[in-house]
Amino acid sequence: MPAIALRSKQCSCGRQCASHAMRCRACWRRAQLAPSRVKVLTPPAAAWVGAMIEGEGSIWPCPNVSNTEVETIATLLRLVGDGCVSYSLPNKLGKRAVWRWQLYRKRSIIALLPQVIPYLTGKRALAQALQEEVLRYYG
Ligand SMILES: [Zn+2]
C-alpha cells in the first residue's frame, strides 16, 4: 500500500498533486497552519531540546534533529509534544539507520523557537531569522 501511495499523483482529498508530493497544495497549506501541540517546556527540557538542535540537528528549513538512537528522538518527541518522526534505512553497507524528528508546521515552530533560542549558540541567529520569517507570513 505505501508503494501505491508514493506513486499516486492524487491527494487523499481527491485533488491532483505533484508527483513528488504526498498531498495537494491546499491540504499541505491546511496542515501547515494546524494548531501547535508544542508543550511549555521546563528550563532543563528547553535546554536539552536546544542542545539537541544545536549539536545533532539544524534549523533550516525547519527545526530538525537526526540520530541513530531511537530513544533520543523519542525523548525529543515526548518533551516537545509535537513534530514528525521519520526513519531512513542506511544507503551504504555498514551504516546505521537514522531517525529524524522535524517540526515543520508554522504554528509549532512559532511555539517552540522562543523556548529554545536562549539555549542556542551557533544556530541562534538562524533560529531568530526563521522565527521572524514565520511570524511575518503566518503570525
Ligand atoms: Zn488534498
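Is the crossing of α5 and α6 left-handed or right-handed?

Modeller: The model is predicted. In it, the crossing of α5 and α6 is left-handed. Helix α5 covers residues 106-116 and helix α6 covers residues 124-138. Their axes lie 10 Å apart, and the angle between them is about 135 degrees. At that angle, α5 is oblique to α6. On the α5 side, the contact is made by K106, I109, I110 and L113. On the α6 side, A127, L130, Q131, V134, L135 and Y138 take part. Sorted by class, the contact has eight nonpolar residues, one polar residue and one charged residue.

Two of these contact residues, K106 of α5 and Y138 of α6, also touch L33, as does R107. L33 is in the loop between α2 (25-32) and α3. Along the chain, L33 and Y138 are 105 residues apart, yet their C-alpha atoms are separated by 8.0 Å. L33 itself counts as exposed, because it has 10 C-beta neighbours inside 10 Å.

Next comes the nonpolar core. The largest one has 20 residues. V49, I53, V65, L76, L112, L113 and V116 are the residues with the most contacts inside this core. L113 is also one of the α5 residues in the contact with α6. The elements that give two or more residues to the core are α3 (43-56), α4 (70-80), β4 (98-102), α5 and α6. Of these, α5 gives the most, with five residues.

V116 shows which residues lie across from this part of the chain. Leaving aside neighbours within four places in sequence, V116 is in contact with A46, V49, G50 and I53. V49 and I53 are, like V116, among the core residues with the most contacts.

V49 is also in contact with L79, which touches L41, A45 and W48 as well, again leaving aside neighbours within four places in sequence. L79 belongs to helix α4. The C-alpha atoms of L79 and A46 are separated by 8.6 Å, although the two residues are 33 apart along the chain. L79 is partly exposed, because 18 other C-beta atoms lie within 10 Å and a buried residue needs 20 or more.

W60 and P61 are joined by a cis peptide bond, with omega at about 5 degrees. P61 is in the loop between β1 (57-58) and β2 (64-67).

As for the whole chain, its secondary structure comes to six helices and four strands. From the N terminus on, the elements run α-α-α-β-β-α-β-β-α-α. The C-alpha atoms fill a box of roughly 45 × 45 × 25 Å, taken along the principal axes. Of the 139 residues, 22% are buried. Among contacts between residues at least 6 apart in sequence, 57% join residues at least 24 apart. The pair L33 and Y138, already described, is 105 residues apart along the chain.

Terms used
Residues are numbered from 1 along each chain as its sequence is written. This is a predicted model: local features need pLDDT of at least 70, side-chain atom pairs count only at pLDDT 80 or more; totals for chains, interfaces and linings use all residues. Axes are lines fitted to C-alpha atoms, for helices over the stretch in contact, and angles run from 0 to 180 degrees between N-to-C directions. Angles under 35 degrees count as roughly parallel, over 145 as roughly antiparallel, 65 to 115 as roughly perpendicular and the rest as oblique. A crossing is left-handed if the near helix is turned anticlockwise from the far one by less than a right angle, and right-handed if clockwise. Two residues are in contact if their C-beta atoms, placed from the backbone, lie within 7 Å. Ala, Val, Leu, Ile, Met, Phe, Trp, Tyr, Cys and Pro count as nonpolar, Asp, Glu, Lys and Arg as charged, and the others, Gly among them, as polar. A nonpolar core is a set of buried Ala, Val, Leu, Ile, Met, Phe, Trp, Tyr and Cys residues joined through C-beta atoms within 7 Å. A residue is buried if 20 or more other C-beta atoms lie within 10 Å of its own, exposed if 12 or fewer, and partly exposed in between; C-beta atoms are placed from the backbone.
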